[in-house]
Amino acid sequence: MKIENIQVLRGPNLWSVNRKKLIQMRLNLEEMEQRPTNTIDGFYERMKDLIPSLHSHRCSPGVPGGFFERVIAGTWMGHVIEHIALEIQTLAGMNTGFGRTRETKTPGVYNVVFAYLEEKVGVFAAESAVRIAEALIAGEEYDLEADIQQMREIRENTRLGPSTGSIVEEAIARDIPWIRLNNQSLVQLGYGKNQVRFRATMTEKTSCIAVDIASNKDETKRLLQEQAIPVAKGMTISSVEQVVEAVSKIGFPLVFKPLDGNHGRGISINIRDLTDAIAAYEFAARISRKVIVERFITGYDFRVLVIDNKMVAAALRDPAHVKGDGELTIQQLIDKENSDPRRGYGHENVLTLIDVDRDTLDLLEKKGYTLDTIPAEGEKVFVKSTANLSTGGTSVDVTDHVHPQNIFICERISKIIGLDICGIDIMAENLTEPLTENGGVVLEVNAAPGFRMHIAPSEGLPRNVAGHVIDMLYPPGKSARIPIIAITGTNGKTTTTRLIAHIVKNNGHRVGFTTSDGIYIQNNMMLKGDTTGPVSSEFILKDPTVDFAVLETARGGILRSGLGFGFCDIGVITNIQEDHLGISDIHTLDDLARVKSVVINSIKKDGWAVLNADNKYCVEIGKKADCNVAYFSRTENNPVVIAHCKKGGIACVCENGFITIQKGDWKIRVQRTILIPLTFGGTVAFMIDNVMAATLATFLHGFKPEDIKMSLETFIPSAAQTPGRMNIFEFKDFRFMIDFAHNPDGFNGIKQFLSYIDSPLKIGIIAGTGDRRDDDIRELGKIAAEMFDYIILRQEKHLRGRTAENILELLIEGIKSVDHNKSFEVVPKEVDAIKHAMSLAKPGTFITALSDVISNAIETVQNYQEQERNGLFNV
């Protein structure tokens with residue numbers, strides 16, 4: 001078997017709109033296509049022995065063991081690999097469940113699709129599942145546990161931490177979109193101008209000064225002490241010589257900790273003699289030049305969490321430890337503790353596995369113990385010096401038992417330090433009594449405190465502390481989203497996108513839009529290129545200045561990665577025509593319609609689908625849409641529009657020379673088509689389609705017809721506003737038009753326009769694209785022969801697996817099938833072809849370059865225009 005490709009789908013996609021995170025593996029079964037599972041001796045038995053938990057997979061029979069029934073009866077290896085990939089993720093602590101396996105049009109080649117939680121784990125699971133299946137087929141041993149452990153390690157290295165993850169999960173529960181901004185814990189919630197950012201548990205509201213204060217334990221202690229907050233007696237030292245001074249001033253027992261430390265690193269507790277004190281100082285000095293020495297306070301370690309100056313949770317923390325039974329060694333007791341099903345690798349379970357490290361050995365050494373020591377029955381032996389959950393510590397929720405005065409103290413501390421999210425470490429016998437009465441003290445104040453001990457305590461009630469963070473970042477009335485209009489289709493996407501963006505901008509919004517020629521913010525090009533995929537969409541949605549997104553959404557990005565947004569307010573399909581067929585398993589217009597419908601399926605239930613009523617594939621999509629639907633049509637007599645409006649539906653039609661909004665029985669005439677520059681005096685039918693789609697989409701969003709009318713009148717087809725879309729350049733003796741038409745439907749649109757052009761000589765410059773079918777390339781030649789008097793063929797780019805000679809040969813076949821005597825010649829380079837066409841021009845000539853590289857063609861023609869104005873034009 002051979003993996004031909006693995007794609008990571010991150011947004012709504014062809015397989016599922018709701019399950020956004022999918023792996024799509026293109027798998028060639030090769031000789032296994034002829035060998036279903038029931039023909040492989042011992043396959044079922046070996047699989048059952050290696051992965052017995054696959055019994056839980058119900059598969060199509062719908063009962064436990066259903067998948068095994070399919071294997072016994074005989075199923076193909078792609079289906080088996082799908083289930084293995086799902087199960088090994090579950091065994092690694094990532095339960096997913098969704099999977100599909102479908103054969104492509106290529107015999108023996110399957111798309112194996114399954115859900116993932118962590119992207120890199122999903123890719124690994126795909127590759128591992130194939131290796132496992134091959135080993136089962138061959139009857140070879142396979143180390144499954146090694147793969148599962150590797151998946152755990154990949155997960156821990158790439159996943160969001162438990163605190164960050166909890167905030168993201170709460171955002172998702174509240175329908176707030178999110179984007180991970182790096183491979184660590186920097187996250188954006190919301191889109192555009194309504195975004196907020198946070199990292200771990202520091203938000204954009206977190207004061208830099210407050211973090212600086214909290215990071216300096218000495219400064220924190222001083223500020224708290226000045227405000228009558230009980231703190232431990234202590235001092236800061238920076239040399240071994242000062243250890244003696246600290247001992248004399250404070251007295252034993254002592255705690256040594258780095259001034260700038262975190263996560264419990266470098267701390268030594270309960271120091272009771274000078275030798276240990278010096279060693280503790282040197283240990284802390286490895287972390288920080290200055291070391292805090294404090295009186296060691298007996299009692300319990302508590303963490304109080306304050307968010308937005310309100311106490312929201314409190315936990316009793318206990319460092320990782322074991323209890324002796326008089327029989328087992330400390331190492332055996334650790335192993336026994338790690339067998340607790342609540343403990344797992346990293347953050348996968350409530351508790352973390354206890355790892356024996358330098359800290360463990362140092363603690364044991366101080367007690368005169370080793371890992372082979374057998375503690376007495378009931379003896380509590382600490383194996384970590386701090387109570388961090390990440391090192392195996394435990395936590396007990398005590399939120400409901402905190403005395404009101406202690407709540408007051410903690411909330412006051414958050415304001416004194418200035419932290420919006422604040423973790424306060426307290427040492428006391430309990431929190432049920434005021435600290436001022438039981439001798440408890442505040443040890444530290446932490447910026448970016450961990451949430452895990454509160455959201456998943458070892459004992460007690462879990463607290464949804466992330467909910468308080470979201471309440472703070474998005475108080476009632478504050479939206480996390482911006483309006484999104486997504487445009488897809490075969491032809492007209494870019495023009496429609498630009499026109500919608502023009503209307504939106506004219507109505508006072510700061511609009512960001514993506515097109516096939518670049519990404520724009522308020523008409524300023526940010527990036528140049530074909531920017532119609534999910535990465536480009538995210539570029540707009542990440543921009544904090546944008547309050548409205550208009551996103552051209554091409555099929556390539558949908559197939560490659562899914563959509564770059566979860567939901568849109570309005571989705572537009574301009575049309576569905578033959579183009580790019582035969583690529584990426586899209587062989588028919590029905591296949592193409594399925595891809596385009598991903599945009600419609602991603603529309604909010606109260607949003608709108610804007611569809612072309614003159615296109616049967618759009619109409620079929622409209623019948624299945626789970627949102628409001630509106631249609632546009634070149635004629636008000638379109639039966640789909642008539643039936644739709646009879647039910648009170650909304651449509652946009654070309655009626656008596658007007659662009660008209662129709663709802664039920666009433667009409668709003670927006671503007672005459674001949675007065676809309678984009679329609680070229682009402683002569684270009686496909687431009688009228690684009691105008692209707694844009695008019696309808698913006699009307700449905702809520703813009704007034706009179707405001708839309710003004711925008712339609714001011715949107716001029718030109719290299720500035722619609723580059724590569726029927727850009728006409730005037731010369732003294734001829735006109736030159738550049739258009740991006742690159743498929744038969746686009747060519748036919750230009751052909752219709754040229755039928756209105758009175759010219760003694762119509763010259764066309766055309767090229768083909770290598771990834772189209774032979775018949776599609778021939779069709780371009782046929783249409784060119786029908787609309788041009790003279791044809792110049794060029795082919796220097798977009799070969800995509802073909803030779804230039806092969807593409808030119810197909811174009812010529814198409815030309816000759818219409819007119820064997822049609823005049824044409826080959827000029828390979830576009831710049832040379834443009835210059836040559838101009839040299840052939842006589843007064844009144846109309847030259848059309850159907851170019852696949854718009855910016856180059858426009859720049860070349862504009863340079864010649866400039867030369868003509870300066871009297872230097874010579875071709």
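The lining of the largest cavity divides into 8 nonpolar, 1 polar and 5 charged residues. Here Ala, Val, Leu, Ile, Met, Phe, Trp, Tyr, Cys and Pro count as nonpolar, Asp, Glu, Lys and Arg as charged, and the others, Gly among them, as polar. This is a predicted model, where local features need pLDDT of at least 70 and side-chain atom pairs pLDDT 80 or more, while totals for chains, interfaces and linings use all residues. Numbering runs from 1 along each chain as its sequence is written, and side-chain values use heavy atoms, leaving out hydrogens and water.

A cavity is a set of points on a 1 Å grid over the protein atoms alone where a 1.4 Å probe fits but cannot get out, and lining residues have an atom within 4 Å of a point. Points are joined across faces, edges and corners, and the volume is the space filled by probe spheres set on them.

The structure holds 4 cavities of 30 Å³ or more. The largest has a volume of about 90 Å³. Of its 14 lining residues, the closest to the centre are Lys-217, Thr-220, Lys-221, Leu-443 and Glu-444.

The second largest cavity has about 50 Å³ of space. Its lining divides into 3 nonpolar, 4 polar and 1 charged, and includes His-742 and Asp-852.

Now to helix 20, residues 589–601. Helices are DSSP runs (H or I, at least four residues), numbered from the N terminus. Of its 13 residues, 10 are buried, so helix 20 is largely enclosed by the rest of the structure. Buried means under 20% relative accessible area, with a 1.4 Å probe and protein chains only. Among the buried residues are Leu-589, Val-595 and Ile-600.

How values were computed
On a 1 Å grid over the protein atoms alone, a cavity is a set of points where a 1.4 Å probe fits but cannot get out, and a pocket is an open set with protein on both sides within 12 Å along at least five of seven lines; lining residues have an atom within 4 Å of a point. Helices (H or I, at least four residues) and strands (E, at least two) are DSSP runs, numbered from the N terminus. The expected span of a helix is 1.5 Å times one less than its number of residues. Buried means under 20% relative accessible area, exposed over 50%, partly exposed in between (1.4 Å probe, protein chains only).
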